[in-house]
Structure formats: structure tokens, C-alpha cells
Amino acid sequence: MSNLNAFLNPVAPEQRREVMVSNRFLGEDGAPVPFVIRPLSQGENETLLRRSTHTVKNKGQLTEKLNDIEYNRRLVVAATVEPDFADGTLCQKLGVMDPLEAPGKLLLVGEYNRLAAAIMELSGLNDDLEEQAKN
């Protein structure tokens with residue numbers, strides 16, 4: 001008996017999740033406002049990796065090098081639904097023209113790390129690391 005049906009009809013992953021990264025962002029009622037994130041597909045991740053990889057010259061040789069900081073910025077911007085870091089009003093208020101700079105202007109280091117970690121977890125990027133740590 002074939003398991004093809006399981007691959008043709010996969011269980012839909014949880015599409016969005018609210019994440020509390022800080023108590024600094026308060027709504028009109030005075031309560032902390034969560035960030036809303038979504039998982040990224042492997043196709044989206046490959047696009048982020050390609051856009052964050054650049055050709056560099058090292059000892060006369062051209063090589064491809066992933067810019068980890070740029071990749072993390074792209075990951076956070078792509079997977080964060082609220083706030084929308086590409087929103088012109090938010091970018092203007094933060095004094096940035098490039099949405100990739102918005103999270104770094106808005107968030108403290110720990111807040112940024114909590115947001116990025118939640119995105120990676122939701123997208124399944126931490127699964128392999130946890131399994132490797134057990135072995």
C-alpha cells in the first residue's frame with residue numbers, strides 16, 4: 001500500500017503565531033502587543049539565502065560567501081507579519097529607507113533574538129539542531 005496520499009494531502013502547518021518579544025510595545029489599552037509571525041517554506045528560505053550570498057574576492061579567488069547578518073535580517077523581515085517592517089510609515093518613523101534595517105532600529109538585542117528564535121522554531125529550523133544535540 002502506498003503512502004502517496006499522505007504527501008498529496010499534508011496537514012497544514014500552523015500559519016501564524018503571536019510572540020511576545022517585549023513589554024515595551026503597548027496597545028491603546030495599555031497591554032503589551034505581540035508580534036505576529038509566520039513560518040517560511042524551504043523555497044522562501046532558499047531565496048533569502050541566495051539574496052544574502054555574495055561573491056567575494058579572497059586571495060585572488062572569487063568565492064561565494066553567505067552574509068549571516070543580512071540573512072538573519074531578511075529572515076526576520078520576511079516572516080514577521082505584524083509589525084510589517086516594509087511599511088513605509090514604520091520605516092520613515094524609524095529613519096530607515098531599507099526595511100532590512102527596521103528590526104534593528106526598533107528592537108533591543110534580546111527582543112531581536114527572541115523574535116528570530118521564534119521564527120526559526122515555527123519554520124522548523126531548530127528541529128535538526130535539537131535532534132543532533134540529543135545524539
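The buried residues of helix α6 are covered by several elements, including those in the table. The model described here is predicted.

| Element covering α6 | Residues |
|---|---|
| β1 | 17–19 |
| β2 | 35–37 |
| α3 | 68–79 |
| β5 | 80–82 |
| α5 | 102–106 |

The residues under this cover are Glu111, Tyr112, Leu115, Ala116, Ala118, Ile119 and Leu122, which are buried in α6. Viewed down the axis of α6, its buried residues lie within an arc of 160°, so they line one face of the helix.

Helix α6 takes in residues 109–122. With 14 residues at 1.5 Å a residue, α6 should span 20 Å, and because its end C-alpha atoms are 20 Å apart, the model agrees with that expectation. After α6 comes glycine 124, with a positive phi near 80°.

The chain as a whole holds seven helices and five strands. Read from the N terminus, their order is α-β-β-α-β-β-α-β-α-α-α-α. The chain has 135 residues, of which 28% are buried. Glu111 and Tyr112 of α6 are among the residues that are buried.

Contacts in the chain were also sorted by sequence separation. Of those between residues at least 6 apart in sequence, 47% join residues at least 24 apart.

Methods. Residues numbered from 1 in each chain as written. Predicted model: local features only at pLDDT ≥ 70, side-chain atom pairs only at ≥ 80, totals over all residues. Heavy atoms only, no water. Helix = DSSP H or I, 4+ residues; strand = E, 2+ residues; numbered from the N terminus. Buried < 20%, exposed > 50% of the residue type's maximum accessible area, 1.4 Å probe, protein only. Contact = heavy atoms within 4.5 Å. Expected span 1.5 Å × (residues − 1). Arc of directions from axis to C-beta.
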